[in-house]
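Me: I have a structure open and want a quick walk through it. Can you take my questions as they come?

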Amino acid sequence: MNHSLLQFLKKANSLNSFKSIHSHLIISGTINSSDLILNKLLRIYSRLGAIDYGRKLFDEIPQPNEFLWTALIHGYVENYRYAEAFSMFVRMLSESVTPLNFTIASVLKALAREKRVKEGKGIYGFVLKSGFSFDLIVQNSVLDLFMRCGETDFARWAFDEMDEKDVVSWNTMVSGYGNNGRVDIARKLFDKMTERNVVSWTSLINGYIKSGNMVEARALFDRMPNKDLASRNVMVSGYLDAGDLVGARYVFEVMPFRGIETWNIMISGFCKAGEIEIAEELFNRMPDRNVVSWTTIMDGYIKSGNVDRARSLFDQMPKKNLISWSIMIGGYAKNGQPRNALELYKSFKEQGIKPDETFILGIISACSQLGILDTAESIIHDFSELSFFPNLRAVNSLIDMYAKCGSIERAKQVFEMAHQKDLLCYSTMIAAFANNGLGQDAISLFGEMQRANIIPDGVAFLGVLTACNHGGLVNEGKMYFKQMIDEYGIQPSEKHYACVVDLLGRSGCLAEAHNIIKNMPIAPHSAVWGALLAACRVHCNVQLAEIASAELFKIEPYNSGNYVLLSNTYAAAGLWDDVARVRKMVKERRVRKNRGSSWIDVGCTLHEFVMGDTSHSDSESMYFILDLLSEDMKILGYILDSEKTEV
């Protein structure tokens, strides 16, 4: 009966069908008839990615033997639950169950993946005491552990102590030395090998690639007696990582056979190199595609700024997973299209896919850009059951979102809840205070960060400079700017210069601001000259306004805002002929005004408005109210001279 039952269990190809079989075994009372059946059940649960169900089964076994313990521990390892694998191994020893060689090999693999060298050395001591030091499987796992943890000398000592070595032992050492930047020693071991297989060659080739020596990697590849798909993929990846697209294309085109992974490597490499058209040409040539193929080319288009093409590919995907949705929604957010991100999120909710941290952060970014707090908190509430908020990356995103939505108190609460705040966490909160006009709070927090022995970077200094700028704290701003350069050796970026120029300009120190621009070690760009021009408009300095605008017209000749600022400066000074001249320039150069819009979130629905737009269903009522407000403003004396100054 057991034999036929085992054959039946092999046919279980889904979790639901397997759980039905498991239930039947419980009801019929045959589940405990054989340890072999229990072992098979544990391994199938592991294979189906349902190790938690396996653990429940294991906990119901009165006295599990070493094979059942091993099945569960191995299941944890195969499902990337390394900490739990080690914990179960410790419990196994505490219950005086003697492990198998395969048990120890599985635990060593778990520790190797987490680089837990201290625990690994403890297990190695157990290996020496318990007689497993002559077991080749265990010994090879020890070598792999220490090489992955960077303990090359310890691994070499263990290797030299081995009475018997097989090709796996040698390959582990060659690969380990290569991965740890010692390809010279890897080559010496490789040359000593009496038996080599395709893994031996590929490991050394990979070592040369990691060291940046593509010439030697190619020479070895050409000498290789038998090349498999993995070795060819390594060479293609190596050329792509080195930026040699021609070399990668040659190896790819002469390959006798290619797997989907090979095509995906090529597409990814050409996308990263900015050769998106060639990447799509390869994508179109693929005989078969998987989800990775679609998401890779889609991500390439998003990073190149062509979000529409990415969306077209997304809509064509035969099957979408969480990564696909994350890339597309995050792509909209990163490319300044938050409304499209939120619209797509509505479709995502209908799919029943459980989101992860990356996905949620993309949605938060979209809400931050739009400043729509109600929608943001509604989305956060949707995922409140996820253990995602203690993560510093999530904390920083939430602080940024609340600050941009105008809820600075909520941002501060999230900041204070964070444990072990890092530089980015402080910088985000400093910027939040600064952008919400709380300059003294930003300066105070910057000082607190320094007292916590966290060294500020350019981003942190930009935050405190912005705080000084918004608060009109000229002396403090000049002090921080000097401190950044002299004490921390940070070279100011264009943003730092623009902030300081704006600070000086707002306070009327136009000559000093202009002097800073003239002495910049880098060429001043639009943000710097724009800050000076805006200050000239406020303080009616026509001479400097003409200098700044002349530079801006060279850098961005079609930015209408620069023409408006210059025209308004002339108008404020009563130079109407110059106002007319600027208007003429705008017409001759065919400069178009930037499209402006505003929006409001009502009941988690976003309403956007553009000047002159009547597409909204309630536009007639809204324009009626606006007319009433306009009349009230005129009665109260609030009349703008926009008609006189407008370009």
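Predicted model: local features only at pLDDT ≥ 70, side-chain atom pairs only at ≥ 80, totals over all residues.

Me: How does the lining of the largest pocket divide into nonpolar, polar and charged?
Reply: It has 14 nonpolar residues, 17 polar ones and seven charged ones.

Me: And the second largest pocket, what is its volume?
Reply: About 420 Å³. The second largest pocket has 16 lining residues. R113, N140, D144, R148 and T172 lie nearest its centre.

Me: Where does the lining of the second largest pocket come from?
Reply: α7 (101–113), α9 (136–148) and α11 (167–179) each give at least two residues. The largest share is from α9, which supplies six.

Me: Switching to charges. How many salt bridges does the count come to?
Reply: The count is 30 salt bridges.

Me: Take E78 and K109. What is the N to O distance in that salt bridge?
Reply: The side chains of E78 and K109 meet at 3.2 Å, N to O. This pair links distant parts of the chain. E78 is in helix α5 (residues 66–78) and K109 is in helix α7, 31 residues apart.

Me: Is E78 buried or partly exposed? What about K109?
Reply: E78 has a relative accessible area of 36%, so E78 is partly exposed. K109 is at 30%, so K109 is partly exposed too. Buried would mean under 20%.

Me: Which residue does E95 form a salt bridge with?
Reply: E95 bridges to R91, with the closest N and O atoms 3.1 Å apart. E95 is partly exposed, with 43% relative accessible area. R91 also counts as partly exposed, at 30% relative accessibility.

Me: What about R249 and E253, how far apart are N and O in their salt bridge?
Reply: The distance is 2.9 Å, N to O, between the side chains of R249 and E253. Both residues lie in helix α16 (residues 245–253). They are four residues apart, about one turn of the helix.

Me: And how accessible are R249 and E253?
Reply: R249 is partly exposed at 21% relative accessibility. E253 is partly exposed at 32%.

Me: Now rings. How many aromatic pairs does the count come to?
Reply: There are 24 aromatic pairs. One of them is F252 with W263, which is edge-to-face. Their centres are 5.0 Å apart, with 85 degrees between the planes.

Me: Which helices hold F252 and W263?
Reply: F252 is in helix α16, and W263 is in helix α17 (residues 260–272). They sit eleven residues apart, and the pair links distant parts of the chain.

Me: Are F252 and W263 buried or exposed?
Reply: Both are buried.

Me: What charged end sits over the ring of F252?
Reply: That of R258, at 4.4 Å from the ring centre. R258 also belongs to the salt-bridge network with R249 and E253. Elsewhere, K165 lies over the face of F159, 5.0 Å from the ring centre.

Me: How far is V236 from F252, C-alpha to C-alpha?
Reply: They are 6.6 Å apart in space and 16 residues apart in sequence. V236 is found in helix α15 (residues 229–241). At 1% relative accessibility, V236 counts as buried.

Me: Last one. Which residues form one aromatic cluster?
Reply: F314, W325, Y345, F348 and F359 do.

Definitions and conventions. Residues numbered from 1 in each chain as written. Heavy atoms only, no water. Nonpolar A, V, L, I, M, F, W, Y, C, P; charged D, E, K, R; others polar. 1 Å grid on protein atoms, 1.4 Å probe; cavity = no way out; pocket = protein on both sides within 12 Å on 5 of 7 lines; lining within 4 Å. Points joined across faces, edges and corners; volume = space filled by probe spheres on them. Salt bridge = Lys/Arg side-chain N within 4 Å of Asp/Glu carboxyl O. Buried < 20%, exposed > 50% of the residue type's maximum accessible area, 1.4 Å probe, protein only. Phe/Tyr/Trp six-rings, centres within 6.5 Å; stacked < 30°, edge-to-face > 60°. Lys NZ or Arg CZ within 6 Å of the ring centre and 35° of its normal.
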